[in-house]
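I opened this entry to keep track of what I looked up. The notes follow the order in which I went through the chain.

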Amino acid sequence: MTELYREQAGEGPSVVLVHEAIADSRMWDPQWETFPRAHRTIRYDLRGFGRSPLEPGAFSHARDLAGMLDDLGLERTSLVGGSMGAQVALEVAVAQPERIDRLVLMDAGLPGHAWSDETRAGWAEEEAALERGDLDAAVEVNLRMWVDGPRRSAGAVAAGVRERVGEMQRRAFELQLPLDGSVSEEMLVPDLADRLDEVRSPTLVLTGEEDRDDMQDISDLLAERIPDARRVSIAGAAHIPSLERPEEFDRLVLEFLQ
């Protein structure tokens, strides 16, 4: 099994932080200062991100997460995930509901969503940049789509956030591109969108108000379909409110985890 980079700090009820696809565990730097004051806090790099390698073959991010919980002896824990990481956390909450205490889904992804023409055009622009070997352009596409959001200019984003996310996104490209075509990701719960009513944990569904309409629509659906779900949003943030507005994010999430 691939050895995933992970670290932990603090004592108390456990919480695992699962990062987004445009980032790695460093996106949780603000929470690394606050969460361990009340929780045993774990963050890690998914395969092909940050300091976790990617190897040829099939794998499942959600199965990796469940395996890490086993390794850490976490029979029950809370999960906080962003975007792709929220989808991974949601898969584990459906597959192993008995071990999830509370669930936080921030700007979550969901298989089967009918993505907008605008979002699909952005992905096509990213792919074209990668095919011509222009990593700088591919990173910038992602920053415009997800960090700036559809209604803001780059100058409206909190100082340093674009640079930090750009560094993490570039690292992911550097790890993943050499293995393009030799790696396949499998879902632990292939029919995830049809099984949302199986989540047994109290769930906080959270978005940044400046995130794309696609993400707002997915979050609305999750809040409607998950039995014990609460929907909140954070102003002045797009796809990573935990990094853009950490004080507001911490207030909402830590209160929920209590």
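Is Trp146 buried or exposed? I looked it up: Trp146 is buried, because its relative accessible area is 6%. For these notes, buried means under 20% relative accessible area, exposed means over 50%, and partly exposed lies in between, with a 1.4 Å probe and protein chains only.

Before going on, I noted that this is a predicted model, where local features need pLDDT of at least 70, side-chain atom pairs count only at pLDDT 80 or more, and totals for chains, interfaces and linings use all residues. Residues are numbered from 1 along each chain as its sequence is written, and side-chain values use heavy atoms, with hydrogens and water left out.

**Entry: Trp146 and helix α5**

I found Trp146 in helix α5. Helices (H or I, at least four residues) and strands (E, at least two) are DSSP runs, numbered from the N terminus. I listed the contacts of Trp146, leaving aside neighbours within four places in sequence: Ile22, Thr119, Trp123, Asp211, Arg212, Met215, Ala238 and His239. Contact means heavy atoms within 4.5 Å. I also checked Trp146 against Pro190: they are 44 residues apart in sequence and 25 Å apart in space, C-alpha to C-alpha.

Then I took the whole helix. α5 has 14 residues and spans 18 Å from its first C-alpha to its last, close to the 20 Å expected at 1.5 Å a residue. The expected span is 1.5 Å times one less than the number of residues. Of the 14 residues of α5, 10 are buried, so the helix is largely enclosed by the rest of the structure. Among the buried ones I wrote down Leu135, Ala138, Leu143 and Asp148. The buried residues of α5 pack against α4, α6, α7 (213–225) and α8. Just after α5 comes Gly149, with a positive phi of about 85°.

**Entry: helix α6**

Which helices do the buried residues of α6 pack against? I found α4 (117–131), α5 (135–148) and α8 (241–244). α6 covers residues 161–176, and its 16 residues reach 23 Å from first C-alpha to last, close to the 22 Å expected. Its buried residues include Val161, Arg162, Met168, Gln169 and Phe173.

**Entry: helices α2 and α3**

I looked at how α2 (residues 61–71) meets α3 (residues 84–95): they pack at an angle of about 65°, with axes 9 Å apart. Axes are lines fitted to C-alpha atoms, for helices over the stretch in contact, and angles run from 0 to 180 degrees between N-to-C directions. From α2, the contact is made by His61, Ala62, Leu65, Ala66 and Leu69, and from α3 by Met84, Val88, Ala89, Glu91 and Val92.

Gln87 also belongs to α3. I count Gln87 as buried because its relative accessibility is 15%. Beyond four places in sequence, Gln87 is in contact with Gly109, Leu110, Pro111, Met187 and Leu192.

**Entry: two positive phi values**

Ser83 sits in the loop between β5 (77–82) and α3. Its phi is near 55°, a positive value in a residue other than glycine. Ser83 counts as buried because its relative accessibility is 12%.

Asp107 lies in the loop between β6 (100–106) and α4. I noted a phi near 45° for Asp107, again positive in a residue other than glycine. At 0% relative accessibility, Asp107 counts as buried.

Which residues touch the most other members of the largest nonpolar core? They are Val16, Leu65, Leu90 and Leu222, in a core of 75 residues. A nonpolar core is a set of buried Ala, Val, Leu, Ile, Met, Phe, Trp, Tyr and Cys residues joined through side-chain atoms within 4.5 Å. I then listed the contacts of Leu222 beyond four places in sequence, including Leu90, Leu105, Leu196 and Val205.

Val232 is in strand β9 (residues 229–234). Val232 is buried, at 11% relative accessibility. Not counting residues up to four places away in sequence, Val232 touches Leu204, Val205, Leu206, Thr207 and Leu252.

**Entry: helix α9**

My last look-up was α9 (residues 246–257), whose 12 residues reach 16 Å from first C-alpha to last, close to the 16 Å expected. Among its buried residues are Phe249, Asp250, Leu252 and Phe256.
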